[in-house]
Amino acid sequence: MKERLALAGKVVNMVTRRNPLFDTATTLGKILGFLGVSAICGVLVAGLLVPAAAVSGSAASGSIQFFDTLPAELQVNPPSQATTILAADGSQIASIYSENRTRVSLDQMSPFIKDAIVSVEDSRFYEHGGIDATGIMRAIVSTARGQKQGASTITQQYVNNVINESLVSQNKGADVKLNGVNKGVGDKLREMKLSIALEKKFSKQQILEGYLNIVFFNKDAYGIEAASRLFFSTSAKDLTLPQAALLAGVVNSPSYYDPVTNPDHAKQRRDLVLGLMLDQGKIKKADYDAAIATPVTTKVTQPRQGCPYSATAAYFCDYVLHLLYNNPAYGATIDDRVNRVSRGGLTIQTTLDPKAQAVAQAQVDASAGANPDKWGASLVSVQPGTGKIISMAQNTVWLPADGKFQAEQNFNVDKLDANGNDLNGLGGFQPGSTMKPFTFAEWLNEGKSMNTVLDGTVRRYPQNFPWKNTCPTPTVGWYDSTNGTHDLQNAEGGYYKPMTVVDGLANSINTMTFATAARVDLCGIQKIVDAVGIHGGLPDASNPNPKVPMTTLGNLIGSTQTAPLTMASAFATFANNGTYCEPIAITSVTDQTGAKLPAQSTSCRSAVTPEVAHGVAYAMQEVLNKGSGSLIQPRISTKTNFPIAGKTGTNDSNGSTWVAGYTSGLATATWFGDPLGSQNRAGQNVTINGKFYQGIDGYMIAGPQFANYMLQVAPTYGTNPFPAPPSNLLDPPGFKPSTPSTTTPGNTSPSTQPSSNGNGNGNGNGNKNG
């Protein structure tokens with residue numbers, strides 16, 4: 001025993017002599033002196049401060065050297081906080097977090113919680129210098145009696161939480177040390193030294209504030225503000241005495257003292273805290289009596305974490321997250337980026353207009369009604385000139401709900417920008433005849449008049465047809481078959497006839513689109529398609545930006561899967577005098593310190609000349625005035641007092657139908673069809689929302705979505721007249737059909753009605769018009 005007492009004394013003397021930190025009444029030197037008073041304390045001091053092998057004087061000296069090498073500085077970074085995604089008006093779209101925490105200053109906390117936590121966790125908090133000699137002695141004696149009792153001060157607990165929080169933020173959760181579980185003597189020594197150093201650097205108020213913001217209360221509540229909101233639906237500032245005492249008691253064992261699952265345990269602990277507060281003079285007897293008499297009641301507000309809980313824009317929210325997850329500026333790996341977002345307390349300001357979003361959601365929800373057959377509807381709009389995404393909606397719910405069409409996939413964006421696994425190739429849909437305006441644009445780009453008359457009777461283009469293609473592409477597709485089954489098809493027989501190029505576009509005549517393409521450079525069409533941002537919606541690592549190749553001629557009328565956001569942005573080019581702007585969703589990102597992080601900014605480029613853009617706008621107004629779009633109900637061209645342009649589209653199976661269009665201030669793409677079956681489910685002979693359809697066309701369901709939305713939202717964003725195209729693009733050269741030398745005539749019977757079908761994917765399976 002004397003040898004061990006000597007060892008303890010040697011430890012005390014060496015520590016005091018070699019480290020200037022230990023020269024006050026609150027230092028480790030004094031604690032060791034206190035512990036060396038009796039034989040039992042001497043034995044336990046050696047066990048506490050010296051590794052198990054230290055049973056000699058040389059071992060004790062090694063322990064002192066070990067202690068001296070421990071770090072005396074603690075990097076105190078802000079703890080993990082929730083990231084908030086905001087709409088353009090500042091309203092919250094969603095909260096994203098790994099730990100639900102909202103940091104608040106000490107003056108935003110009830111004085112009851114400050115007094116309660118000190119009373120129960122560290123009554124001498126304001127007296128010690130980081131470690132508490134009395135507490136350690138009490139713990140040693142209790143341990144000797146076979147009773148477990150902690151001795152960590154609030155400062156030590158804070159140090160431990162800061163260290164663990166740092167490890168978790170670095171994806172090193174396996175290295176986290178918990179009191180009484182996997183913490184050794186070395187860990188405890190390190191914690192003590194850091195606590196002493198921390199007390200020299202920060203005030204008691206700063207340490208208490210940090211502790212109350214970092215401490216764990218529940219898997220859904222880290223820090224006092226989150227705990228107050230979880231258990232009582234109030235703020236930390238407004239906690240009552242009974243509530244504060246209860247939460248102070250929870251810290252000791254959050255599961256055992258959970259007031260929801262274990263209210264009796266919680267009450268016992270709360271009453272203990274109240275008794276300590278009374279004994280320490282923190283509250284008066286009358287306050288104690290009233291608090292003790294208060295039953296344990298909770299008013300739980302369960303946090304809604306993540307985009308699926310967004311009430312207004314779950315899929316837009318997920319798109320925003322993927323923009324950050326795919327951005328190397330937020331971390332070297334995807335795990336690093338997810339960690340940065342979920343723990344970084346970011347504030348992400350987006351472009352979403354909540355009022356426009358509400359209208360968009362109402363429209364897509366109404367399209368299919370109860371929807372037992374799970375038809376999909378989507379709508380996305382962007383602002384010409386800025387690329388800002390104004391709304392993004394679809395007729396599904398993210399989380400399973402009775403009677404609702406549940407889907408995690410975003411119908412409006414590319415696969416890489418959407419959540420979930422690839423569900424039968426989601427990442428857009430065949431755009432059908434919404435691709436036709438780009439062939440028309442190249443016609444104008446080559447200086448040709450839109451009133452030129454071409455031969456719309458030609459259904460077949462043989463393999464040796466002299467297509468013009470100045471791009472370095474090895475092959476050009478063709479349309480030909482020996483039995484006629486692959487002939488170009490129009491939706492109605494009356495449209496196989498000569499007509500002007502503008503009428504061909506307005507009525508979405510497939511044979512006219514090919515007749516137009518046969519007289520321009522296919523390379524020019526490709527350049528326009530690329531310039532307005534159109535690309536395939538299924539990129540991968542080997543092909544991150546797949547093109548929509550015009551040399552496979554079916555793409556003249558939309559056979560490559562393309563996302564609605566892509567189409568809305570492309571059409572916005574024509575509204576913006578020929579200047580294409582990349583779509584953006586994020587205007588600013590700041591971290592919890594207020595520092596700005598990389599966001600998106602408007603990025604535009606010239607795609608077509610203003611003259612061509614004005615000519616396309618002229619033609620697509622005709623689509624809605626007298627062409628395939630004139631069948632949309634409500635008839636948008638007559639309901640508005642502002643100019644609007646648009647194009648319908650439908651693929652061969654009627655399983656993908658569209659309307660894309662714009663005013664001067666807003667461009668929108670709406671889609672309706674089969675989102676879950678690789679577009680193999682035909683939209684033919686089907687009943688949707690109580691109405692039978694022999695074949696769904698663009699104007700039928702996607703059309704009303706577009707019309708009702710634009711009628712309500714477009715005026716907010718500007719509806720100025722479109723500039724008139726130059727006269728050379730309007731003047732007819734005279735009625736003289738130009739017919740290729742290698743053609744096969746088709747039906748030329750007249751018709752006075754606009755084409756009623758929308759689309760055609762040009763894949764050789766009987767294309768229709770849109």
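Predicted model: local features only at pLDDT ≥ 70, side-chain atom pairs only at ≥ 80, totals over all residues.

Q: What is said of the phi of asparagine 685?
A: Asparagine 685 has a positive phi of about 55°, although it is not a glycine.

Q: Is asparagine 654 buried or exposed, and how do you know?
A: The relative accessible area of asparagine 654 is 2%, and buried means under 20%, so asparagine 654 counts as buried. Asparagine 654 is found in the loop between strand 14 (645-650) and strand 15, and it has a positive phi of about 60° although it is not a glycine.

Q: Why is glutamine 108 called partly exposed?
A: Its relative accessibility is 35%, and partly exposed covers what lies between the 20% limit for buried and the 50% limit for exposed, so glutamine 108 takes that name. Glutamine 108 lies in the loop between strand 2 (92-96) and helix 5 (111-121), and its C-alpha atom is separated by 9.1 Å from that of glutamate 225, although the two are 117 residues apart along the chain.

Q: What makes lysine 188 count as buried?
A: Lysine 188 has 19% relative accessibility, and buried means under 20%, so the residue counts as buried. Lysine 188 lies in helix 8, residues 185-201, and its C-alpha atom is separated by 9.4 Å from that of asparagine 160, which is 28 residues apart from it along the chain.

Q: How do you know that serine 656 and tryptophan 658 are joined by a polar contact?
A: The contact between the two side chains is 3.1 Å, and a polar contact needs a pair of N or O atoms within 3.5 Å, so the distance meets the cut-off. The side chain of serine 656 also reaches the backbone oxygen of glutamine 430, at 2.8 Å. Serine 656 is found in strand 15, and at 0% relative accessibility it counts as buried.

Q: Why is the pair of phenylalanine 405 and phenylalanine 411 called tilted?
A: The two ring centres are 6.4 Å apart, and rings pair if their centres lie within 6.5 Å, so phenylalanine 405 and phenylalanine 411 count as a pair. The angle between their planes is 50°, whereas stacked requires under 30 degrees and edge-to-face over 60, so the pair is tilted. Phenylalanine 405 counts as buried at 6% relative accessibility, and phenylalanine 411 counts as buried at 0%.

Q: What makes the pair of tyrosine 662 and phenylalanine 722 edge-to-face?
A: The planes of tyrosine 662 and phenylalanine 722 stand at 75°, with 5.5 Å centre to centre, and edge-to-face means over 60 degrees, so that is the class of the pair. Tyrosine 662 lies in strand 15 (residues 656-662) and phenylalanine 722 in the segment after helix 24 (702-717), so the pair ties together parts that are 60 residues apart in sequence. Both tyrosine 662 and phenylalanine 722 are buried.

Q: How many aromatic pairs are found in a search of the whole structure, and which residues do ring pairs link into a cluster?
A: The search finds 18 aromatic pairs, and ring pairs link Phe405, Phe411, Phe429 and Trp671 into a cluster.

Q: Which residues lie nearest the centre of the second largest pocket?
A: They are Asp414, Asp417, His535, Glu582 and Pro583, out of 26 lining residues. The elements that give two or more residues to this lining are helix 14 (314-325) and helix 21 (564-575). The lining has twelve nonpolar, eight polar and six charged residues, and the volume of the pocket is about 660 Å³.

How values were computed: Residues numbered from 1 in each chain as written. Heavy atoms only, no water. 1 Å grid on protein atoms, 1.4 Å probe; cavity = no way out; pocket = protein on both sides within 12 Å on 5 of 7 lines; lining within 4 Å. Points joined across faces, edges and corners; volume = space filled by probe spheres on them. Helix = DSSP H or I, 4+ residues; strand = E, 2+ residues; numbered from the N terminus. Nonpolar A, V, L, I, M, F, W, Y, C, P; charged D, E, K, R; others polar. Phe/Tyr/Trp six-rings, centres within 6.5 Å; stacked < 30°, edge-to-face > 60°. Buried < 20%, exposed > 50% of the residue type's maximum accessible area, 1.4 Å probe, protein only. Polar contact = N/O pair within 3.5 Å; in protein donor to acceptor, adjacent residues only side chain to side chain.
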